Structure formats: C-alpha cells, structure tokens
Amino acid sequence: MGKGRPFLEIFTYALDEDYRFPILEIFAFFFALGTFVFVDLGAYSGQTGEALAYNLVSTLCGFPLLFIFVVLILKNVAYGLGGDLEKGVMQTLFSYPLKRRYILTAKLLSGLGIALLLLLGIQIFGLFLLAPDVILTYPSTVFLTYAAQLCSPALLLAGLVLLLTLRLKRAGLALVIGVVLLFAGLVVSGLVYSIAYGTGSDVALKIWAVINPNLALQTYYYPMGAVGFASETWVPSFSEVLLYLGAGYLIVAAIFVVGYVYFERRLEI
Amino acid sequence: MRWVTLLGRIGTVILAIGLALLVAWLIPSGSSSWSGVSQPVEPEQYMISELGVYSPQTAFRISVEASDNVRVYLLGLSLVEFDNWRTQVVEAYPDSATIFHPYTVPLLFFHEAYPEQPFPDLFGPQTQNMVWNVTVLDKGLETHPEIILWDPPPSSSFSHELFPADVLHIWVIVANPSDGTVAVDTKVWDLTTLAPKERVIRPAILFISIGIALAIPWLILRKVKKSTF
C-alpha cells in the first residue's frame with residue numbers, strides 16, 4: 001500500500017470531522033452570496049487601477065467574511081487536532097503506515113487548505129463576475145492583497161492555535177485563546193494608529209506591519225496623509241511592502257515549522 | 001468509496017455555490033430614486049445629459065418621450081477612458097479644466113470636428129449651433145463607436161434598462177434630425193441589484209448541474225448506508 005491511500009483516508013476522515021454535512025455547503029453558500037452583498041462597486045467610482053483592485057479585495061477581506069473565515073479555520077485547527085488528541089483518535093491515526101508529518105499535513109489540508117481554497121475560489125470568481133476588468137488587468141494586485149490580508153490574522157493565528165492545541169491538548173481552550181488573540185489584534189491595530197498619530201513617529205506602524213503586512217500595503221495605496229496623519233508619516237515603497245510581506249510570511253512559516261517539529265518529535269499521547 | 005465521498009462533497013459545495021448565484025439572480029433589482037429633465041431640442045441639434053457613474057450592481061432605467069422622432073444614444077466610458085478624454089479636452093482647451101466636467105464628450109467631439117477652433121462658448125449664440133450640431137455628433141460617434149452602449153432606431157418613445165458591464169460614466173444623448181424643435185422628456189430611475197443578472201445565471205445553471213451530477217452517487221450511497229445500519 002503506497003502513501004497515497006492512507007493519506008486520502010486520513011484526509012477524508014478529517015474532512016468529515018471538520019465539515020460535517022452540510023457545514024461546508026452552508027459556508028460555500030454564504031461566502032458566494034456574501035461576495036455579492038458586501039462588494040459595492042459604486043462606492044469606489046472615484047478610484048482606478050491598482051487602488052480600486054486593492055479596495056475591492058479589501059472589502060471582501062473585512063468584517064464579516066474574513067472574520068467568519070478566521071473563526072472557521074481556528075475551529076478546524078483546534079478541534080480537528082485537539083478533538084482527536086482528547087478522544088484518543090490520534091493514536092489510531094498514528095497506526096497508519098504514514099509519517100506523522102503527513103498526518104498533520106492531511107489534517108491541515110482539510111482544516112486550513114479547503115477553507116482557504118473555498119474562500120479564494122469563490123471570492124475571486126465573484127469578483128470576476130462583477131468586475132472582470134479589474135481581475136484581469138491587475139491580477140498581481142489581487143494576489144498581493146489576498147496574500148497580505150490572509151497572512152495576519154488568518155494564517156498567523158492558525159499557526160498559533162496549532163501550537164497551543166498541540167501543547168495544551170485541549171481544543172476548547174486553544175480556540176478561546178485564538179479568538180481572544182484575534183480581538184487583541186484588532187485592539188492593537190487601533191492602538192498602533194493612535195500611537196503613530198500621537199507621537200508623529202512611524203516606528204509603531206513599522207513594527208506592527210511586520211506582523212500585519214496588510215498595514216504596509218494599505219499605506220502604500222493610501223499614504224497616511226490621506227487619513228489625517230502628517231503626510232510624511234510613512235509612505236513605504238513597493239519593495240518595502242514586499243519586504244514586510246516576506247517578513248510576515250517568514251513568521252507564519254516559522255510557527256508552522258515549530259508545530260510540525262513538535263508534532264513529529266515531541267508530541268506524546 | 002473514499003473517492004465517491006470526496007467527489008460527492010465537492011459536488012454539494014459546487015451545488016451550494018450555484019444556489020447562491022441563483023439567489024443573487026432571483027433577488028429583484030430595486031428602484032431607489034428617479035430624476036427627470038424636460039428640454040426642447042432645436043432642429044438638427046442634440047442634447048447631452050451626464051447620468052453619472054454606474055456599475056454592474058447599480059444600473060438605471062431610462063425613458064425618453066419626444067414630440068417627434070428623435071435619435072437616442074447611451075454612451076459609456078470607463079473611468080480610465082474618461083480620464084484620458086478629460087486630459088485630451090483640457091490639453092485642447094485649458095480653460096475647460098475646472099468648469100466643464102460634464103461636457104467632456106461634446107467638447108471632445110467638437111475639437112475633433114473643428115481642431116482649429118478655439119474654446120467655444122457652449123451655449124453662446126455664436127457657437128451654439130456649431131457645438132451641438134448633429135453632424136458633429138455623428139462624426140464623433142463614427143470616430144468612437146466603442147462608447148455606444150445603446151443605439152435604438154429613431155422613434156418618439158424609448159424605454160431601456162441598462163446594467164453596465166463595468167464601472168462606467170454614462171451619458172444620454174438625444175439628437176433631433178428634423179427641421180422643427182422637439183420637446184423631449186427624459187426620466188431616469190436608479191436601480192440596484194446584487195449581481196449582473198445575465199452574467200450570473202449561466203454559471204448558476206452550470207454549477208447546479210455539475211453539483212447535482214457529482215453529489216447524486218454520494219447521496220445515494222449515504223442513504224443506502226443509513227438504511228443498512
């Protein structure tokens with residue numbers, strides 16, 4: 001028996017656990033309908049080009065669609081792994097002729113990958129129906145905006161919840177901490193702006209942009225001067241934006257690598 | 001077995017997306033407000049009104065009633081094209097930079113027809129006949145046929161609903177080719193919808209069909225399993 005079959009077995013098992021029928025279908029329905037409900041093409045009539053593409057994607061990555069998505073993946077990561085650890089199912093999974101890292105990959109592919117594929121596939125298709133010119137003319141901006149929006153909080157928190165779940169072996173607690181961190185992130189975002197506004201310094205913004213690269217991208221398209229800050233506060237260049245995005249994904253990748261190493265070598269059940 | 005489950009779930013997800021598109025298609029477009037203009041159009045002249053910026057989600061219904069046969073055109077320019085046209089007009093007539101934003105189209109048509117003429121007084125008795133002449137309009141439309149969104153045959157009564165394919169600046173033009181003055185009554189209703197209906201319905205049908213085809217084997221299997229245990 002090759003690796004493919006047991007991998008598929010675990011993947012479909014994880015899929016059944018993460019998305020009991022019809023949970024996935026309900027999410028797909030609301031993501032699709034939500035794309036049309038929350039995009040307001042007329043609202044950006046004064047904008048053109050890349051700024052318009054950035055805004056359209058950002059609207060879809062705001063409340064409530066991305067919030068629902070983040071809660072969904074946090075639930076999947078916490079309960080997909082934590083539930084199996086609590087119920088002893090993980091022992092059964094470890095008996096499969098498959099390395100531990102493949103088991104974790106199958107679980108993450110179901111909990112994270114499928115949700116991500118669903119969100120991106122539906123939203124990009126919806127945007128293509130609504131504004132085909134924007135999607136076809138500025139695909140790199142659309143890609144970059146999604147990359148920046150998803151890095152933090154979605155993927156960063158998913159990685160942290162993965163670590164917490166493996167360490168605590170309790171799904172509920174890991175999920176609660178994940179949701180608290182999500183709200184904490186929102187509060188910190190507001191604080192960072194206040195600090196920058198109050199002090200006139202862009203240090204806080206730059207530090208936060210490492211964790212949340214969307215701030216750099218947003219500032220690139222909408223310099224701080226446009227929202228009441230001193231016009232020289234911070235205007236990153238495009239290469240700087242890429243640097244912040246790279247740094248953000250490095251942090252996310254590092255967290256997942258630690259999770260994989262812990263799962264493979266240190267996890268005791 | 002696992003493949004049937006996997007394909008079945010993919011099918012139900014595709015079906016759900018198809019149903020969401022169908023719901024977006026079924027939700028009727030709402031009419032939010034309307035505006036009207038009544039204006040006489042002199043013989044062999046045309047009038048133009050800027051309707052505003054519309055998108056696939058914000059459309060309009062227009063009705064034009066005239067006392068004699070007139071020609072009606074709906075013109076649309078993307079925001080980028082509109083900026084280009086503005087630039088061309090401002091380069092040709094620097095004085096128009098701040099004042100004649102809604103008259104970008106007729107000014108460009110006029111400049112293309114009479115490149116040597118200075119900036120015209122749009123409604124002055126000396127130049128009015130030249131600027132608003134039907135031949136200037138015809139020449140302009142001949143040069144830029146891509147901006148014509150709707151070009152019905154001449155009549156005295158028109159009604160049309162337009163959902164632009166993209167975010168567009170829209171203008172309505174009423175041209176009077178006859179020898180007498182024509183009274184024209186134009187009414188515009190703004191419409192809002194979730195999604196452009198003609199773009200949504202095809203993928204909705206396609207997704208629902210594929211979804212059902214993929215989901216049926218899995219649903220049957222599920223039912224058989226349930227009845228067995």
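This is a predicted model: local features need pLDDT of at least 70, side-chain atom pairs count only at pLDDT 80 or more; totals for chains, interfaces and linings use all residues.
Val57(A) has 0% relative accessibility, so it counts as buried. The cut-off for that label is under 20%.

Val57(A) sits in helix 3 of chain A. Leave out residues up to four places away in sequence, and Val57(A) touches Leu127(A), Val142(A), Thr145(A) and Tyr146(A). Take Thr145(A). In sequence, 88 residues separate it from Val57(A). In space, the two C-alpha atoms are 6.7 Å apart.

Now follow helix 3 of chain A, residues 49–60, to a helix it packs against. That partner is helix 11 of chain A, residues 214–221. Their axes lie 10 Å apart, at an angle of about 140°. The two helices are therefore oblique to each other. Their crossing is left-handed. Helix 3 of chain A brings Glu50(A), Ala51(A) and Tyr54(A) to the contact. Helix 11 of chain A brings Asn214(A), Leu217(A), Gln218(A) and Tyr221(A). By class, this contact has 4 nonpolar, 2 polar and 1 charged residues.

The crossing of helix 6 with helix 12 is right-handed. From helix 6 of chain A, the contact residues include Ile103(A), Leu104(A), Leu108(A) and Leu112(A). They meet residues of helix 12 of chain A, among them Phe256(A), Tyr260(A) and Phe263(A). The contact divides into 7 nonpolar, 2 polar and 3 charged residues.

Look at Phe36(A), setting aside neighbours within four places in sequence. Its contacts in chain A are Gly126(A), Leu129(A) and Leu130(A). Its contacts in chain B include Leu21(B), Ala24(B), Leu194(B) and Val200(B).

End in chain B, at its helix 3, residues 104–113. Of its 10 residues, 8 are buried, so this helix is largely enclosed by the rest of the structure. The buried ones include Val105(B), Leu107(B), Leu108(B), Phe109(B) and Phe110(B). Both strands and helices of chain B cover them, including strand 2, strand 3, helix 2 and helix 5.

Conventions. Residues are numbered from 1 along each chain as its sequence is written. Chains are lettered from A and ligands numbered from 1 in the order in which they are written. Side-chain values use heavy atoms; hydrogens and water are left out. Axes are lines fitted to C-alpha atoms, for helices over the stretch in contact, and angles run from 0 to 180 degrees between N-to-C directions. Helices (H or I, at least four residues) and strands (E, at least two) are DSSP runs, numbered from the N terminus. Angles under 35 degrees count as roughly parallel, over 145 as roughly antiparallel, 65 to 115 as roughly perpendicular and the rest as oblique. A crossing is left-handed if the near helix is turned anticlockwise from the far one by less than a right angle, and right-handed if clockwise. Contact means heavy atoms within 4.5 Å. Ala, Val, Leu, Ile, Met, Phe, Trp, Tyr, Cys and Pro count as nonpolar, Asp, Glu, Lys and Arg as charged, and the others, Gly among them, as polar. Buried means under 20% relative accessible area, exposed over 50%, partly exposed in between (1.4 Å probe, protein chains only).
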